[in-house]
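Please examine the sequence and the three-dimensional structure shown below.

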Amino acid sequence: MSLPTLRLAALRNHLPPPLAATTSLSSLSPFTSIRRMSVPTTMKAVLVERTGGPEVLQFKTDQPVPTPQEGQLLVRNNISGVNFIDTYFRTGLYASPKPEVLGREGAGIIAAVGPNASGFQVGDRVAWLATGGYAEYTAVPAAKTVKIPDGVSDEDVMASFLSGMTVLSFVKETYAVQKGDWVLVHAAAGGAGFLMTQILKSIGAKVIGTAGGAEKCALVKSLGADVVIDYRSEEGKDWVKQVKEVTGGRGVDVVYDSVGKDTWEGSLEAVKRKGTIVWFGNASGPVPPLPLPKISPKCVKVARPTLFGYIETREEFEYYTNELFSRLKSGELKTKIHKIYPLEDIVQVHKDLEGRKTMGKPLLKP
Ligand SMILES: NC(=O)c1ccc[n+]([C@@H]2O[C@H](COP(=O)([O-])OP(=O)(O)OC[C@H]3O[C@@H](n4cnc5c(N)ncnc54)[C@H](OP(=O)(O)O)[C@@H]3O)[C@@H](O)[C@H]2O)c1
């Protein structure tokens, strides 16, 4: 089967194409030395030297600009994304070496091309997934960098890059959502939830979204969610009962739960017999160890995926970036930027995110 045919077949099945197909990176000849535009030696960046609260985020103006190593590109970031996962690395919930510059994604211009980082030129407008986005410059692997197509802004990409690929891979691969499925999405007004609600509706699923507060609920409703529950309100506290009522006592086909500690027991109750729970985050704290007998009466499947497991190869990465860019370009997928904060306001960004004050995605202007 030819590559275009394979891609079409894969799209039909909601699955990425086989891994052996040629990638655009490997088809271009490698460069052996660094090519660069003029870059300063120091930069603004946010450094974390020890784990802790938002106060451990230190805004610095004298950090060394990194030199791109083998297979790396140096990107001058125009906009960087802030994700809830950044708070886990800050607190130590997820381990990472310190000192560290946090931030898993950025969009900007290539300032230098390292040895054997083929397929890119100085000046290309790109988005990347790696680490070190809370900075003016980041050295990133070419393998996890992609050119941004004309007609798509850096801001739209950053409002949907990590979050959007997470959602796309989880609704295609973790549980292949079908038209007519009942789907429960927690934190549906958040960075990931805002995109998930739209993508589920585009598949034809029936969406029950939870969110905290009237403003967030109105936003989720505006995306076409069939039922919205304010799970922080008095009436919404018993959201499990409401989910059961709406689904005729049956429960939902799948729950996408990124809230974790506060919702996991309710999610287990709200899922139907033979249903699936996709746990993918810990916004309220981690889910405690799950006793397996708890999931046996209803024959429930439990998944705990991570985006990075679905985009390991260049082929997989390009499959999801292409799908995301085409949805952005066509206008099918809308983005919501909570606010673009200057880099020096990073402590406030983390406070707002953990304080449940954000709707859509917070971004940083390095
Ligand atoms: N596994 C993966 O690969 C992957 C990738 C991307 C994201 N994620 C996960 O997806 C989730 C969403 O990430 P995001 O960056 O888009 O964040 P977000 O949804 O914009 O922010 C988190 C939201 O969670 C809700 N929440 C509920 N209880 C909370 C509490 N006790 N403290 C703070 N927030 C609480 C809040 O919404 P309400 O006010 O509406 O309750 C809050 O706005 C996170 O858990 C993240 O770790 C996982």
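How far apart do the C-alpha centres of domain 1 and domain 2 lie? In this predicted model, the separation of the two centres is 29 Å. Domain 1 is made up of two segments of the chain, 14–159 and 335–365, while domain 2 covers 162–309. Where the domains meet, 15 residues of domain 1 are in contact with 16 residues of domain 2. On the side of domain 1 that touches domain 2, six residues are nonpolar, four are polar and five are charged.

The protein as a whole contains eleven helices and 16 strands. Its radius of gyration is 21 Å, close to the 21 Å given by the globule rule for 366 residues, so the protein is as compact as a globular protein of that length. Taken along the principal axes, the box filled by the C-alpha atoms is roughly 65 × 55 × 40 Å. Of the 366 residues, 47% count as buried. When contacts between residues at least 6 apart in sequence are considered, 66% of them join residues at least 24 apart.

Confidence in the model should be kept in mind at this point. The mean pLDDT is 92, and 91% of the residues reach 70 or more. Over residues 1–32, however, the pLDDT is below 50, although this stretch has 44 contacts in the model beyond near neighbours in sequence.

The ligand comes next. It is surrounded by 30 residues, of which the closest are Gly 190, Gly 191, Gly 212, Ser 258 and Gly 281. Both domain 1 and domain 2 contribute to this shell, each with at least three residues. Among the helices, H2 (84–91), H4 (161–174), H5 (191–203) and H11 (346–354) each supply at least two residues of the shell. Sorted by class, the shell holds 13 nonpolar, 13 polar and four charged residues.

Which residues of H2 are buried? They are Phe 84, Asp 86, Thr 87, Phe 89 and Arg 90. The elements that cover these buried residues include strand S2 (42–48), strand S3 (57–64) and helix H11. After H2 comes Gly 92, which has a positive phi, near 95°.

Definitions and conventions
Residues numbered from 1 in each chain as written. Predicted model: local features only at pLDDT ≥ 70, side-chain atom pairs only at ≥ 80, totals over all residues. Helix = DSSP H or I, 4+ residues; strand = E, 2+ residues; numbered from the N terminus. Rg over C-alpha atoms; globule rule 2.2 N^0.38 Å. Buried ≥ 20, exposed ≤ 12 C-beta atoms within 10 Å, placed from the backbone. Contact = placed C-beta atoms within 7 Å. Domains from an automatic or database assignment. Nonpolar A, V, L, I, M, F, W, Y, C, P; charged D, E, K, R; others polar. Near = placed C-beta within 6 Å. pLDDT = per-residue confidence, 0-100.
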